[in-house]
Amino acid sequence: MSGSSSPSSSYLRTTADAYDALAERYADFVRDGLAHLPLDRSLVTAFADLVRESGSGQVADLGCGPGYLTAALAEHGLDASGIDLSPALIAIARRRYPRLRFRTGSMDALAVGDGGLGGVVSWYSLIHTPPEQLPSYLAEFRRVLAPGGYALLGFFESEGDPVTPFDHKVTTAYRWPVDHLAHLAREAGLTENARLLREPGEGERFRHGRLLLRAV
């Protein structure tokens, strides 16, 4: 990461350091991935099918953490790679899934050419982004997607409230109104194909939101 002292780079350093400090515990916490989440699994499967039908199997899992979703995408026949701010989480991902590609990097400055991907996934990785910076992230997602490519977002939904910060166990995170997030995505050139709202399960605090988007 850059040595810049800009607000953006400060937030990125804080997030990376927080996940580095808890990397092993966090990786164990999410180890089961989608195993007990049938609704989430179905949407990931639909995303993979749509990307393949669009003619491209190249997908980036943005904020991939320990890599379980990257691996799930690869199992669906996609050419999937993972990117994360945390070097410690990337090390775990490489150890667990040695046949897949992982690298450190930020979602707001992807080392991918314009239109270079058929799909991007941001599965709870935008939740730490300061709200005023989120439109630039969505614009970056649109930049790297080929026309007709797909984006899948997973996030905590605010249940009728505006954008709301909360005490995430790693570092400050935000819950988003699904309509507002869909609006920002549309302004970035990503149209909504589908949405899913899932009520909190056992041990969960908040409603979960998913948006399946297509690049126009």
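These legends go with close-up views of a predicted model.

**View 1. The cavity and the residues around it.** Search the whole structure for cavities of 30 Å³ or more and you get 1. The largest cavity holds about 50 Å³ of space. Its lining is made up of Ser122, Leu126, Leu134, Leu153, Gly154, Phe155, Trp176 and Leu181. What kinds of residues are these: nonpolar, polar or charged? The lining splits into 6 nonpolar and 2 polar residues, with no charged ones.

View 2. Across the whole structure, a search turns up 6 aromatic pairs. One of them joins Trp123 and Tyr124 in an edge-to-face arrangement. Their ring centres sit 5.8 Å apart, and the planes make an angle of 85°. Are these two residues buried or exposed? Trp123 and Tyr124 are both buried.

**View 3. Phe156 meets Phe206.** Here's another edge-to-face aromatic pair, made by Phe156 and Phe206, with 6.1 Å from centre to centre and 80° between the planes. Where do the two partners come from? Phe156 belongs to strand β5, while Phe206 is in the loop between β8 (190-198) and β9 (208-215), so this pair ties together parts that lie 50 residues apart in sequence. Both Phe156 and Phe206 are buried, too.

**View 4. Rings joined into a cluster.** Which residues do the ring pairs link into a cluster? The members are Trp123, Tyr124, Phe156, Phe166 and Phe206.

Terms used:
Residues numbered from 1 in each chain as written. Predicted model: local features only at pLDDT ≥ 70, side-chain atom pairs only at ≥ 80, totals over all residues. Heavy atoms only, no water. 1 Å grid on protein atoms, 1.4 Å probe; cavity = no way out; pocket = protein on both sides within 12 Å on 5 of 7 lines; lining within 4 Å. Points joined across faces, edges and corners; volume = space filled by probe spheres on them. Nonpolar A, V, L, I, M, F, W, Y, C, P; charged D, E, K, R; others polar. Phe/Tyr/Trp six-rings, centres within 6.5 Å; stacked < 30°, edge-to-face > 60°. Buried < 20%, exposed > 50% of the residue type's maximum accessible area, 1.4 Å probe, protein only. Helix = DSSP H or I, 4+ residues; strand = E, 2+ residues; numbered from the N terminus.
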